[in-house]
Structure formats: structure tokens, C-alpha cells
Amino acid sequence: MQTPSPAVQESLAWLADGLDRVLDETVHLCHIPAPTFEEAERAAYVAERMRAIGLMEVQIDAIHNVSGMLSTGSPGPTTLVAAHLDTVFPRATPLQVRRTKQRLYGPGIGDNCVAVAAMLHVAETMCRLQSAPPGRVIFAASVGEEGLGNLCGIRALLATWQGQIDTVIAVEGHGIDEVRTTGIGSTRLEITFAGPGGHSWGAFGTPSAIHAMGTAIHQIARLQVPKDPKTTFNVGVVHGGGSVNTIAPCATMLVDLRSVHPPQLAQMEHRVACLLQDVQRDTGVQVQSRIVGQRPAAALDTAHPLCQGVSAIRKYLHLRPALFSAASTDANLPLSLGIPAVCLSITRGALAHTVQEYIDTAPVAGGMKQLLLTILHSLQPEW
């Protein structure tokens, strides 16, 4: 890439100088609960911050996506930058953050509080930039990225600006050494088992919904799946029964199927459907399955100018060479619609989706610089 202009170099320095403020904002965000479908409180805070830093047309939509616009006023491409608001943790989870010299610890600190804080700081930096490339940037804090949110936030954002988005940059906290160019496809199933129920002694022998569910789980666990293309399955949640001495009349489980290869994912869905038919026949319990979430599998060719631009940016910033990888993020949807998209991360960390989650603070400055330069590149490649 060309050496950035003095104005851009000054912006990069300003980004790094603001690291402590970004970390403080990360902690503040982490203290605001935001389970999937309950993001309103965090959304309100982010909207307030977007207005304060100078973004235009700040709005919160019906499902609590937050968006703000930065436009040069001259015609050019439109880039959507999206960092998701929601976390996997129930509202009752204690949101305590522990801070050391090198790390921040807390549930959701990296997935995705630091990404939202970093995006806001990059947006503020761009508002300060004296000369910017033509076009506009839509900064968005999206909802429904986790769990059964089914990417509802990014779906709504792309519908709002249908046909107007040229590039999407999804922002996550963990994984700065990777550039996610492939979206892992997934199908989430809610499977219910229903039987007559009865007393564990007096009605012994009556089909049990829980026993049938156990049979289904056992059969799913025995499925053979390919390593390439990587394909996975998981029974993540189970419910059912009434008491220890009641033959369960009902039971429910949630199943997650994933693959980077759409035909393989479809084959897995078919195999599970056939397996459930066998369980119903063999146990006498009624089995019903319904899809409660689908994420499309899609990829961006690493030869695409966006990927090559990110590689050049990482070299300029002395970051590790890009490891192009796969993940399930907000980038899945635009990729499936043919919109060039990547998912960039802000720092390193570990133990995501656990209350022991942490991030390293030192790499955050580099992650923000990468994001800023990638946004500028998406608007005008010579930047």
C-alpha cells in the first residue's frame, strides 16, 4: 500500500493515544447487560456516544440496531461497519470486570464490548479527519448476532440500505491474527418429543419423551462427519420432564449443525431428519423438528482487492501476516448476498462465552489502526 497521507498518519497516532479511553469505554459497555433480544439499554448508550462524536442521522431501529452516518458529501462507495451489541450471557449474570496492567477480564469483554468501543473510537477519528475519501460510512452496533438471534440485526441493516452497500466490515473482539473471509453456515433445530406420560411405577413401559430424546442424542453423537470440508454438530440445550417419578410427557432439545460447505450442511440436515424418523418409529414418541435459525455459508476469494488491501495494511502496520479463516459472524449474510465482506478483530483473548473471558489490551491499538485503514481502503483503494 502507499504511505498514508500526513492527515491519516496523524489519525493513526491519535487512535493509539486514545487507548486508555477505549479501554475505559470497553469496561463501561461490559457493565451494561445486553443478552440477545435484550440489547435496548446498551443500544441507548451507543446512540448517545454516536451523537457525541459527531455522526449524523443516528437512529435506533425497531429491534435496537444503532446506526450513525459519516459522509464526505461527495459521491462514492458506501461501507457498512458493524460490531454486534449482544452477548451470550443471561441478564442475571454478574458483570464484573477485573483490570490488570495487560488484560481486561469479564463476561463479554472481548465478544463484543471491545469491538464496539473500538468502532466508536475509529468513527470519532474519522470525524476528525480533515480530508477523507469520497463516499460514506455507516457505523452500526447490531443486535441478534449471538445464539438464536439468527443475524436479525445485520439482516435488518442490509434491508434498510438494500442495494446501497458496497462493502461490509464486521468487527469482533477476539482474533486479531485472523481475517475472517469465510462464513460458516449453520442450521439450528428445535426438536420436541411428546408422549402420553404417566407414573413411573404404575405406567412403567409407557414411552418416555426423555428416553426418546436420549436415543436421538446418542444417534446424533455417532454421526460421522468430514474434516474437510469441516462439518460439526452439537446438542446444546435440553429440557423436559416433570418429576423424578413421572414418565416424561415432553422434552425439547436444541441442535446446532455447521459446515463451511452448503451441500454438506444440507446433507447433515437430511441425516438428522431421517434419524428422528427412526427414533419416532422405534420408541412410539412423536418427534417434531423445526428450524429456529439459519446462517448462510459463503466466502470471499482471498484474491479480492479487499482481502489484498487488508494484507497490505497488516504489513504496513507490522501485524502478523493475515491468516484467512472461517467464522460465523455478521459477515456471513453480506457474503451470501454477493457483497464483499470481511470480519476484522481488535485484539487477542481467550475463554469467550465464559465468565472467565479476557482480552489483551496492548494489541487493541493495532486492531483499531487496521480497522481505520481498511475502511479508508474500502472507500478508495489508493488510500
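Where in the structure does H318 lie? H318 is found in the loop between α8 (305–316) and β16, where helices (H or I, at least four residues) and strands (E, at least two) are DSSP runs numbered from the N terminus. This is a predicted model, in which local features need pLDDT of at least 70 and side-chain atom pairs count only at pLDDT 80 or more, while totals for chains, interfaces and linings use all residues. Residues are numbered from 1 along each chain as its sequence is written, and side-chain values use heavy atoms, with hydrogens and water left out.

**Backbone features**

- H318 has a positive phi of about 60° although it is not a glycine, and H318 is exposed, with a relative accessible area of 73% (buried means under 20% relative accessible area, exposed over 50%, and partly exposed in between, with a 1.4 Å probe and protein chains only).
- L351, in the loop between β18 (349–350) and β19, also has a positive phi, near 65°, and L351 is partly exposed at a relative accessible area of 46%.
- A cis peptide bond with omega of about 25° joins D111 and N112, and N112 is found in helix α4.
- The peptide bond from D228 to P229 is cis as well, with omega near 0°, and P229 is placed in the loop between α6 (209–221) and β11.

**Aromatic rings**

- The structure holds 1 aromatic pair, where rings of Phe, Tyr and Trp (its six-membered ring) pair if their centres lie within 6.5 Å, and planes under 30 degrees apart count as stacked, over 60 as edge-to-face and the rest as tilted.
- The ring centres of Y105 and Y358 are 5.6 Å apart and the planes are at 45°, so the pair is tilted.
- Because Y105 lies in strand β5 (residues 103–105) and Y358 in strand β19 (residues 358–360), the pair ties together parts that are 253 residues apart in sequence.
- Y358 is buried, with a relative accessible area of 16%, while R98 lies over the face of Y105, at 4.0 Å from the ring centre (a charge sits over a ring if NZ of Lys or CZ of Arg is within 6 Å of the ring centre and within 35 degrees of the ring normal).

**Nonpolar cores**

- In the largest nonpolar core, which has 82 residues, V46, M50, L80, F139 and I375 touch the most other members (a nonpolar core is a set of buried Ala, Val, Leu, Ile, Met, Phe, Trp, Tyr and Cys residues joined through side-chain atoms within 4.5 Å).
- Helix α4 (residues 109–128) supplies the largest share of this core, 12 residues.
- Apart from this core lies another, of 22 residues, among them L189, I220, A248 and M268.

**Pocket and cavity**

- The largest pocket has a volume of about 910 Å³; on a 1 Å grid over the protein atoms alone, a pocket is an open set of points with protein on both sides within 12 Å along at least five of seven lines, whereas a cavity is a set of points where a 1.4 Å probe fits but cannot get out, and lining residues have an atom within 4 Å of a point.
- Of the 35 residues that line the largest pocket, E146, G147, R188, R258 and H353 are the closest to its centre, and β13 gives the most to the lining, with 4 residues.
- The largest cavity has a volume of about 50 Å³, a volume being the space filled by probe spheres set on grid points that are joined across faces, edges and corners.
- Among the residues that line the largest cavity are I32, R42, F89 and P107.
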